[in-house]
Amino acid sequence: MKTEKASGSTHSKWFGLALQALVILSHKSECYPSAAIAGCLNSEATQLRKVLAKLAAGQLIETREGRDGGYRLKRPPEAISLAEVYIALKVGEPLCSGMLDTISLNDAGLNMKSAFMDIANEIEQNTIETLQQFTIAQLAQKTLPNSS
């Protein structure tokens, strides 16, 4: 059986799942079970629970166990930026850090590694700055009918 690592293509989908789950939760005041959220997203509940656990660890959602358990937002959707979601899900290196895998270990390669790291860090910072401009409430308004 294949095990999931903390980075890689499996987790590249987590950001999209997380955003969609948070949009769903933005319209629920009560706790909402992971199975119900997964059903709305046509996603596997087990995978979604891993994503939700990261969001809970990032203090974006709260969890409640038991019969009436589930998940709900910890703050209003207007107060949760997409950058916070991205940072909470940080499970590996920046997306473009795969460039580093192509570098040889000679002197020229070490100089290239430094240049690539600078580029990767700048792209990551720009990504976070862009995501900081948007909230879960804005995303919900754009994607769900009758959102206000």
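The legends below describe close-up views of a predicted model.

**Figure 1. Overall arrangement of secondary structure in the predicted model.** The protein contains six helices and two strands. Along the sequence these elements follow the order α-α-α-β-β-α-α-α. Of the 148 residues in the protein, 36% count as buried.

**Figure 2. The largest nonpolar core comprises 33 residues.** Ile37, Leu52, Leu55, Ile61, Val85 and Ile136 are the members that touch the most others in this core. At least two residues each are supplied by α1, α2 (34-41), α3 (45-57), β2, α4, α5 (107-131) and α6. Helix α1 provides the largest share of the core, nine residues. In soluble globular proteins, nonpolar side chains tend to be buried together.

**Figure 3. An edge-to-face aromatic pair is formed by Phe15 and Tyr86.** The count of aromatic pairs comes to one. The ring centres of Phe15 and Tyr86 are 5.7 Å apart, and the angle between the planes is 85°. Because Phe15 belongs to helix α1 (residues 14-25) and Tyr86 to helix α4 (residues 82-88), the pair ties together parts that are 71 residues apart in sequence. The two partners fall into separate accessibility classes: Phe15, at 23% relative accessibility, counts as partly exposed, whereas Tyr86, at 18%, counts as buried. The cut-off that applies here is that buried means under 20% relative accessible area.

**Figure 4. Strands β1 and β2 form an antiparallel pair.** Strand β1 spans residues 61-64 and strand β2 residues 70-73, and four bridges link them. Ile61 has Leu73 of β2 as its bridge partner. Ile61 is also one of the residues that touch the most other members of the largest nonpolar core, and β2 supplies at least two residues of this core. The hairpin of β1 and β2 has five residues between the strands, and Gly66 in this hairpin adopts a positive phi near 105°. In a regular strand the side chains alternate between the two faces of the sheet.

**Figure 5. The second largest pocket has a lining to which helices α1 and α6 contribute.** The space in this pocket is about 170 Å³. Its lining is made up of Leu19, Gln20, Val23, Ile24, His27, Lys28, Leu41, Leu139, Thr143 and Leu144. Helices α1 and α6 (136-143) each supply at least two of the lining residues. With four residues, α1 gives the most to the lining of the second largest pocket. By class, six of the lining residues are nonpolar, three are polar and one is charged.

**Figure 6. Asn42 and Gln59 adopt positive phi values in loops.** Most residues other than glycine have a negative phi, and most peptide bonds are trans. Asn42, a residue other than glycine, has a positive phi near 55°. The loop between α2 and α3 holds Asn42, and this residue is exposed, with a relative accessible area of 75%. Gln59, which is likewise not a glycine, has a positive phi of about 65°. Gln59 is located in the loop between α3 and β1. At 44% relative accessibility, Gln59 counts as partly exposed.

Terms used:
Residues numbered from 1 in each chain as written. Predicted model: local features only at pLDDT ≥ 70, side-chain atom pairs only at ≥ 80, totals over all residues. Heavy atoms only, no water. Phe/Tyr/Trp six-rings, centres within 6.5 Å; stacked < 30°, edge-to-face > 60°. Buried < 20%, exposed > 50% of the residue type's maximum accessible area, 1.4 Å probe, protein only. 1 Å grid on protein atoms, 1.4 Å probe; cavity = no way out; pocket = protein on both sides within 12 Å on 5 of 7 lines; lining within 4 Å. Points joined across faces, edges and corners; volume = space filled by probe spheres on them. Nonpolar A, V, L, I, M, F, W, Y, C, P; charged D, E, K, R; others polar. Pairing = 2+ DSSP bridges. Core = buried A, V, L, I, M, F, W, Y, C linked by side-chain atoms within 4.5 Å.
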